[in-house]
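Student: I have a structure open on my screen and would like to learn how to read its features. Could we start with pockets?

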Amino acid sequence: QEVFDLLQFDVTHALPFLPENWLSSRLDGLTEARNLLERGNGLGGAFTGWVDLPASYDPEELQRILQTARIIRGQSEVLIVIGIGGSYLGARAMLELLTSPNYNLLRKKTPQIFFTGNTLSSDALTELLDYVRDKDFSVNVISKSGDTTESSIAFFLFRRLLEEKYGREGARDRIFATTDRREGTLRALANQAGYATFSVPASIGGRYSVLTAAGLLPLAVAGLDIQEMLAGSADAMGVLRQPGQDNPAWQYAAARNALYAEGKLIELLACYEPHLRAFGEWWKQLFGESEGKDGQGVFPASVEFTTDLHSMGQYIQEGARNLFETVVRFTVPQSSCLLDPVPGDHSGLDFLRGKDLRFVNEQARRGTVLAHVAGGVPNLLLTVQERTPYWAGQLVYFFEYACGLSGYLLGVNPFNQPGVEAYKTNMFALLGKPGFAARREDLLSKGPS
C-alpha cells in the first residue's frame, strides 16, 4: 500500500499524446492564473472566497453546524435537503463517497437523507412527499437567492407538509435555511418566519461551496467528521497554492489544457468505485460551468468502471479520438473480500483462488489503462490514499483549485455561468411570469416545440 501525505498526480500515460513542452510552455500562464486566484483580481475575482476558506473557516459557525446536526439527528428520521446544482451536488457527492450510494438503506443511527429541489418532475416530488408524510422529518433548504424555480417549488411543498404535520411553530423548528447572509427571497422569508440560518459567503459561488454550510450541514447530520474534511482541504491548500511545476494542480491544469489544444475535447472522469458516482456529477458541474463559455472548454463527462466498460467501453476504445480520461484511484480499501472457489465447483474462477477482490479490481484498472492508451486515449491518474473525510477534503480542494487555474489558463471567467439563464428566461416566459410577456410572444410566434 502506498502511503503519502498529499494526493498524487501522474501524467505518464498521457505523455505520448502531449508535446514535449506541455508544462514548460504553460508555466507563465499558470503563474498568472495562480496570481489571479490569490489576489482575487481576475475575471470573476469577487468569487474567489473559497481559495483560503479551509484555513479561515469561522469556528463559531462550525460549532453551530455541529450543534444543529445533533438537533436534526435527535428529532428526525429523515432530512430533506432542497437545492439544485452547487446547492446539493457537493453534499451528495461527499455523502456517497464517504458512506455509500446506498446510504439510506444502511443500518445506522443517523437520519435518512434525500435530495430534492433539483427537478420539476411531479412524479419524483410526489413520491418523496408521500414517503415522509408519516415520518418525522426536517428540511434544509439551500439557495443563495431563494428564487430558483425548482428549489422554490420543492420548498413550498415540503414547508406546507411540515406545517400540516407540526403546525407553523413546530415547522419553524424543523426548517434550516442556508442562504445569503443579507439579501434574497429566502433570507427575507427565513428572517420573517424565524428559521435557523446558515450563510454561504457572497464570495463563494455554488459549485465551489461544498466546504461551506451548504455541504457541511447535511454531512454533519450523516455523522461524518466535517472537521477532518476541512483539515484535509487545509493541508491540500497549503501545498497547492505554492507555485511551481511540481505542483499537482498545475500539472493537471496544464495537461488538460495541452490535450485540449491537441484536439482532445472530452474529458472522462473515471473511477473504479461506485462511491464516486455522485462525485462525478459534482465534478461535471464544476468544470462544465467554469470553462464552458465563449465557444471554448473541455466537455466533462463521467464513467464508472468496470460497469461502464460493458456499455461505453467500445466507444472509448475505438470511437472518435477526441477524448481523454482522468482516473481517480484509492489505494487503501475499507474492506476485504477474499475469493476462495472450491476446485471443481464449475465457477470458472479457480485462477482467482486466494486473491482479494481489491486486487482483481486493480488489475482491471491497469489493464483498462493499457488498452485505452493503446487505443489512442490519453490517461491521467489521480491517486488518493483512502475514502475518509480527510482525503475527501483534499480531493475537493484539488479539483476546485485546478479548475480555477484551468479556467484562467483557457482565458475565460471561471466563476460565472451566463448561459444558465437562457432556459430560465424561456421557461418563465412560457409560464406567464410577470415581466416576460414580450419574450413569451416571441417564443409563441416561432410555433410549437
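Tutor: Sorted by class, the lining of the largest pocket has twelve nonpolar, 14 polar and eleven charged residues. Here Ala, Val, Leu, Ile, Met, Phe, Trp, Tyr, Cys and Pro count as nonpolar, Asp, Glu, Lys and Arg as charged, and the others, Gly among them, as polar. Keep in mind that this is a predicted model, in which local features need pLDDT of at least 70 and side-chain atom pairs count only at pLDDT 80 or more, while totals for chains, interfaces and linings use all residues. Residues are numbered from 1 along each chain as its sequence is written, and side-chain values use heavy atoms, with hydrogens and water left out.

Student: What is a pocket, and which residues lie nearest the centre of the largest pocket?

Tutor: On a 1 Å grid over the protein atoms alone, a pocket is an open set of points where a 1.4 Å probe fits, with protein on both sides within 12 Å along at least five of seven lines; lining residues have an atom within 4 Å of a point. In this model, 37 residues line the largest pocket, and Gln-285, Glu-289, Gln-417, Val-420 and Lys-424 lie nearest its centre. The space in that pocket is about 1000 Å³, a volume being the space filled by probe spheres set on the points, which are joined across faces, edges and corners.

Student: Which helix supplies the largest share of that lining?

Tutor: Helices are DSSP runs of H or I with at least four residues, strands are runs of E with at least two, and both are numbered from the N terminus. The largest share of the lining of the largest pocket, five residues, comes from α15. Helices α6 (149-172), α11 and α15 (421-431) each supply at least two residues.

Student: How much space lies in the second largest pocket?

Tutor: About 410 Å³. Its lining has 20 residues, with Glu-273, Ser-335, Leu-357, Arg-358 and Asn-361 closest to the centre. Helix α13 gives the largest share of this lining, five residues. By class, the second largest pocket is lined by ten nonpolar, six polar and four charged residues.

Student: How many salt bridges does the structure hold?

Tutor: A salt bridge is a side-chain nitrogen of Lys or Arg within 4 Å of a carboxyl oxygen of Asp or Glu. The structure holds 13 salt bridges. One of them joins Arg-277 to Glu-304, with the closest N and O atoms 2.8 Å apart. This pair links distant parts of the chain, 27 residues apart: Arg-277 is in helix α11 (residues 277-291) and Glu-304 in strand β8 (residues 299-304).

Student: Which residue forms a salt bridge with Glu-362?

Tutor: Arg-329 does, with the closest N and O atoms 3.3 Å apart. Glu-362 lies in helix α13 (residues 357-374) and Arg-329 in strand β9 (residues 323-330), so the pair ties together parts 33 residues apart in sequence. Glu-362 is buried at 15%, and Arg-329 is buried at 14%. Elsewhere, Arg-256, Glu-267 and Glu-291 are linked in a network of salt bridges.

Student: How many disulfides are there?

Tutor: A disulfide is a pair of cysteine sulfur atoms within 2.5 Å, and the structure holds zero. For Cys-337, the nearest cysteine sulfur, that of Cys-271, is 19 Å away.

Terms used
Buried < 20%, exposed > 50% of the residue type's maximum accessible area, 1.4 Å probe, protein only.
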